[in-house]
Amino acid sequence: MANDKLWGGRFCVQTDNLTDDFNSSVRFDKRLYKQDIKGSVAHVKMLAKQGIISNDDALKIQDGLEKILLEIESGEFEFDIALEDVHMNIEKRLIELIGEAGKRLHSARSRNDQVALDTKMYTKEEILNIKNLLLELLEAILAKAKENIETIMPGFTHMQKAQPVTFAHHLCAYFEMFKRDISRLDDAHKRMNASPLGACALAGTTYNIDRYYTSELLGFDSPMLNSMDAVSDRDFVIETISCISFVMMHLSRFCEEIIMWCSKEYDFIELDDAYSTGSSIMPQKKNPDIAELVRGKCGRVYGDLMSILTVMKSLPLAYNKDMQEDKEPLFDSIDTVKMCLNIFTKMFLTSKVNKDNMYKSAKTGFLNATDVADYLVKKGLAFRDTHKIAGELVYYCIENSKCLEELSLDEFKKFCELFDEDIFEAISLKTCVEKRTSTGAPSPCAMGEVIETYEKYILEQKKE
């Protein structure tokens, strides 16, 4: 019995059911149905424009594709794994609906350029969706930052208290990270904005097609200029997952801090009950499970990136079936980051900031030791000498269970005669923060300028 696949003319027997199941991608690539239909409509318009098929057939095909779209979205359409992928499922149904005209759709096209087109169109759309979610997160960060311009907290290096900053300043470090993520996504979007449609299997076609026309119809800047690269390129998949990996890494870092800040050892913030969970055995528990899950899902996306990098690392030109393995990691990473951004933003925005606890924490740990050294520099000593004096003062405080602010002027003078009454004002936490006015520093003055810049940035991004 001859093979009844759309490509089965060369085959004498049916493919084994196990082969159909193993070879099929329709279980996951059926989500590309909108892109597949949109790409087919552009392709058939071009075929008619170029006189490759008749206008009558082109209209029948477009009408059939519109009906299939409605069937899929209403849940009436049944995908068949024996038809391998979303492309063959749609084409088979088209032929059932309109007959011979449907067989003309695939003129001057291969599934190789078709799948590359669908995947690229899908990825372009999802990049914009991810970008919008990132902008929502940036707005949430900015809202919290505005409320906490004067909320003093300890800044850390090596997980040790280092210098006083503000909660606004700390949050805006994440604003910068996510802003870079948007920039990376924008760059990836620009690089993938060339159409593979018309490259066919790998060597183009003898038909008089117009690839610039289909590129324009589908919102691409231009067609890809090498047909072999067009069907075998998955850089855009790798780059997208790489960009998403950055987003997830930044979310994971943020979550790590939120998890610590929620602990009683810190008690800097409290998550809303709607975004927390309890314990099945310990009634008192309020767990930051959302933050922990986001942190954990970062590793999942890293796995997606390594998966596609490994698939592509030694593939010869041009198309190879291995490339079918690009979609699951791509879809998974996109689904994961969208889900994480959505819930993280809501969790963060509804959290309560414990300003008093942040300030109390900043009062311990000698966060103003650098300001002691800077005070003496302004009195004329070299910084390396003042660093030593400040270190000796810290050691003295540790030995006597005191803070620097609790020392008397006489105690200060034991270490250096240049200390005067103004030392106490110079090392107050408020002064330590307010005097740091350099660009990007935590003073309310510097932060106010930065926040204005961020507000303009968000408005500009929304206009694009």
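I started with R111 and D85, whose side chains meet in a salt bridge at 2.8 Å, N to O. This pair links distant parts of the chain: R111 sits in helix α6 (residues 111-147), D85 in the loop between α4 (55-74) and α5 (86-98), and they are 26 residues apart. I noted D85 as buried because its relative accessible area is 6%, while R111, at 22%, is partly exposed. The model is predicted, so I read these as computed values.

Next I checked K338, which forms a salt bridge with E126, the closest N and O atoms being 2.9 Å apart. K338 is in helix α12 (residues 327-349) and E126 in helix α6, 212 residues apart. I found K338 partly exposed at 24% and E126 buried at 10%.

Salt bridges that share partners also join E71, R93 and E96 into one network. Within helix α5, E96 and R93 are 3 residues apart, about one turn of the helix, and their closest N and O atoms are 3.2 Å apart. E96 is exposed at 51%; R93 is partly exposed at 24%. I logged a count of 30 salt bridges.

L202, M228 and L317 make a nonpolar patch of about 260 Å². M228 lies in helix α9 (residues 227-232) and is partly exposed at 32%.

Last, I looked up the largest pocket, with a volume of about 360 Å³. Of its 16 lining residues, F156, H170, Y174, R253 and E257 lie nearest the centre. I recorded the lining as 9 nonpolar, 4 polar and 3 charged residues.

Key. Residues are numbered from 1 along each chain as its sequence is written. This is a predicted model: local features need pLDDT of at least 70, side-chain atom pairs count only at pLDDT 80 or more; totals for chains, interfaces and linings use all residues. Side-chain values use heavy atoms; hydrogens and water are left out. On a 1 Å grid over the protein atoms alone, a cavity is a set of points where a 1.4 Å probe fits but cannot get out, and a pocket is an open set with protein on both sides within 12 Å along at least five of seven lines; lining residues have an atom within 4 Å of a point. Grid points are joined across faces, edges and corners, and a volume is the space filled by probe spheres set on the points. Ala, Val, Leu, Ile, Met, Phe, Trp, Tyr, Cys and Pro count as nonpolar, Asp, Glu, Lys and Arg as charged, and the others, Gly among them, as polar. Patches are made of residues with over 30% relative accessible area and no salt bridge: like charges are joined within 9 Å, nonpolar side chains (Val, Leu, Ile, Met, Phe, Trp, Tyr) within 5 Å. Accessible areas come from the Shrake-Rupley method with a 1.4 Å probe; for residues, only the protein chains shown count as cover. A salt bridge is a side-chain nitrogen of Lys or Arg within 4 Å of a carboxyl oxygen of Asp or Glu. Helices (H or I, at least four residues) and strands (E, at least two) are DSSP runs, numbered from the N terminus. Buried means under 20% relative accessible area, exposed over 50%, partly exposed in between (1.4 Å probe, protein chains only).
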